[in-house]
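Biologist: Before I look at any single residue, I would like to learn how to read the overall features of a fold. Could you take me through them one at a time?

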Amino acid sequence: MIELRDLLIAAAMVCGPSALACTSLIAAPGATDSGSSMITYAADSHTLYGALYHQAAADHSAGAMRRVVDWDTGKYRGDIPEIAHTYATIGNMNEHGLTIAESTWGGRHELEGTGTIDYGSLIYITLQRAKTAREAIDVMTKLVADYGYASEGESFSIADPNEVWVMEMIGKGKADKGAVWVARRVPEGYISGHANHARIHTFPLDDPETLYSPDVISFARSQGYFTGKDEDFDFSRAYAITDAGALRGCDARVWSYFNRFAPQGEMDKYLPWILEGKGEPMPLWVKPAEALTAKDLKWMMRDHFEGTPFDMTKDIGAGPFDSPYRWRPMNYTVDGQEYVHERAIATQQTGFSFVADMNKDRHDAMKGVLWFGVDDANTCVYVPVFNSTTTVPPSLSEETADLLTLNWDSMFWVNNWVANQAYNRYSQMIPDIRRVQNGLETRWETAVSDAEKAVAGKDYASAASVLSPLTADAAATTTSDYKALGDYLLVKYLDGNIKKERDGKFERSEEGMPVQPVFGGYNERYFRSIVEDAGERLKVVEPQQ
């Protein structure tokens with residue numbers, strides 16, 4: 001039997017997780033209640049503003065060029081030939097319902113790409129050029145072969161209404177402008193995911209559901225990363241860096257997802273891998289005990305390891321209000337010993353996140369539903385955006401995106417208004433947030449279900465005209481309601497107190513004055529920590545008579 005406490009302590013003593021960000025969770029058809037393909041994405045960055053990006057479909061003349069600008073840095077990287085026609089995109093989805101997400105794992109630093117196309121540009125260029133997941137893999141790999149790869153190790157979730165693939169890619173450094181890669185289709189009925197660590201280990205060499213670059217093994221041999229038989233080649237061990245940060249800080253997020261939905265206890269055997277790098281690596285996919293819904297994935301994106309050995313609400317770091325948040329840096333040293341904060345799926349520095357639901361049986365105008373949220377996934381509201389959406393709601397527009405200027409018309413800033421109040425008094429405020437959040441998300445889920453019935457039998461343009469106002473209304477109402485929620489939280493919890501309420505209003509006396517508020521205090525653990533630290537000084541001693 002695994003002694004969880006001992007493993008946790010041992011892992012914490014090694015080193016903390018890396019600073020890499022982003023999480024993508026996957027549910028293949030057969031693993032969802034609707035038969036949909038689903039993938040998620042949290043774009044985590046301390047400098048990323050949460051906005052919804054849109055590119056219109058377009059025809060291009062012969063000789064037209066496309067400018068490539070690095071997604072992370074804004075640096076101009078070069079120009080590549082444009083194709084005759086490009087598809088419309090909305091966020092990380094295109095008009096055909098193709099969706100691509102990513103997470104960066106870096107890998108061997110000497111292999112950082114020296115070409116033209118960075119991972120972000122690779123995603124958005126591909127969305128403009130491919131209709132299906134298999135087409136996307138072909139486009140992506142040809143782009144980096146022709147124009148060179150400019151990033152480090154990257155995992156991609158690539159999904160259409162019929163299937164989901166995981167592709168992992170890393171550059172060749174100064175040896176070559178291109179990249180080595182491997183892609184595997186997630187089997188029907190299974191869930192998968194990646195979170196800043198390469199997840200493809202050994203793979204079949206003659207399986208049509210596995211694709212790879214011709215030199216993925218020979219290049220590793222030439223660089224001294226691998227010396228065994230071809231059939232024993234492990235992509236992750238060859239090209240990634242499997243340290244405590246990669247496991248505890250990255251694979252642990254995928255473990256939490258698997259642990260939530262796999263048969264009870266099935267994932268316990270992989271704790272030694274997560275905590276010490278021992279035993280069998282965690283599998284690329286597992287079969288869930290029950291079919292998942294889009295709502296399941298929304299709530300998984302809000303995970304802080306609750307109910308697991310890594311539960312962030314259970315140690316003293318959670319403070320007096322059981323907060324599952326830890327500010328950076330992730331590592332810290334006390335008396336010469338290094339320690340680590342957990343890195344959960346939900347985190348405060350998310351720019352935007354989504355749950356993409358792609359279903360071949362829905363109307364073509366809504367075969368892709370992008371449930372889109374900005375700021376922290378834990379406190380955001382996911383609003384519906386469709387593959388046919390061509391107009392970005394003002395509150396989600398990148399036109400006014402500025403991380404350094406507060407804007408009350410922006411959903412990103414309004415969500416931050418709510419979330420940043422809750423961080424300081426989490427256990428007290430989160431029930432109020434959940435009430436509004438659940439109400440809004442239920443409203444939009446019902447609206448999407450109703451819209452699916454309303455567009456049946458309509459042509460594409462007519463269906464799109466029904467769906468577009470739904471997205472606009474969801475964005476505007478959510479922004480307005482969350483601004484009101486933030487105002488309410490400020491008034492209710494002002495100065496450490498909790499105002500009393502009756503019939504939806506703050507209580508007043510018969511004379512119209514505010515009634516005495518509740519003094520919320522702190523949790524028992526916090527009181528005990530004070531006593532342990534300064535109990536003798538703070539002890540109440542009654543005077544002797």
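Predicted model: local features only at pLDDT ≥ 70, side-chain atom pairs only at ≥ 80, totals over all residues.

Biologist: What does the radius of gyration say about the protein chain?

Modeller: One compares the value with that of a compact globule, which for 545 residues would be near 24 Å; the protein chain has 25 Å, and so the two agree. Along its principal axes, the C-alpha trace spans about 95 × 60 × 45 Å.

Biologist: How many of the contacts in the protein chain with a separation of 6 or more link residues 24 or more positions apart?

Modeller: Such pairs account for 72% of those contacts, and buried residues make up 55% of the 545 residues. The accessible surface comes to about 23400 Å², with 51% of that area belonging to carbon and sulfur atoms.

Biologist: Where are the mean positions of the positive and negative charges relative to each other?

Modeller: The protein chain has 52 positive and 77 negative charges, and their mean positions are 2 Å apart.

Biologist: Turning to one residue, is Asn-359 buried or exposed?

Modeller: Asn-359 counts as buried because its relative accessibility is 5%, and the cut-off for buried is under 20%. Asn-359 is found in the loop between strand S19 (350-358) and strand S20 (368-374). Leaving aside neighbours within four places in sequence, Asn-359 is in contact with Ser-34, Gly-35, Ser-36, Pro-161 and Lys-367.

Technical notes
Residues numbered from 1 in each chain as written. Heavy atoms only, no water. Rg over C-alpha atoms; globule rule 2.2 N^0.38 Å. Buried < 20%, exposed > 50% of the residue type's maximum accessible area, 1.4 Å probe, protein only. Contact = heavy atoms within 4.5 Å. Areas by Shrake-Rupley, 256 points an atom, 1.4 Å probe, with all protein chains shown as cover. Lys, Arg positive; Asp, Glu negative; His and termini not counted. Charge placed at Lys NZ, Arg CZ, Asp CG, Glu CD. Helix = DSSP H or I, 4+ residues; strand = E, 2+ residues; numbered from the N terminus.
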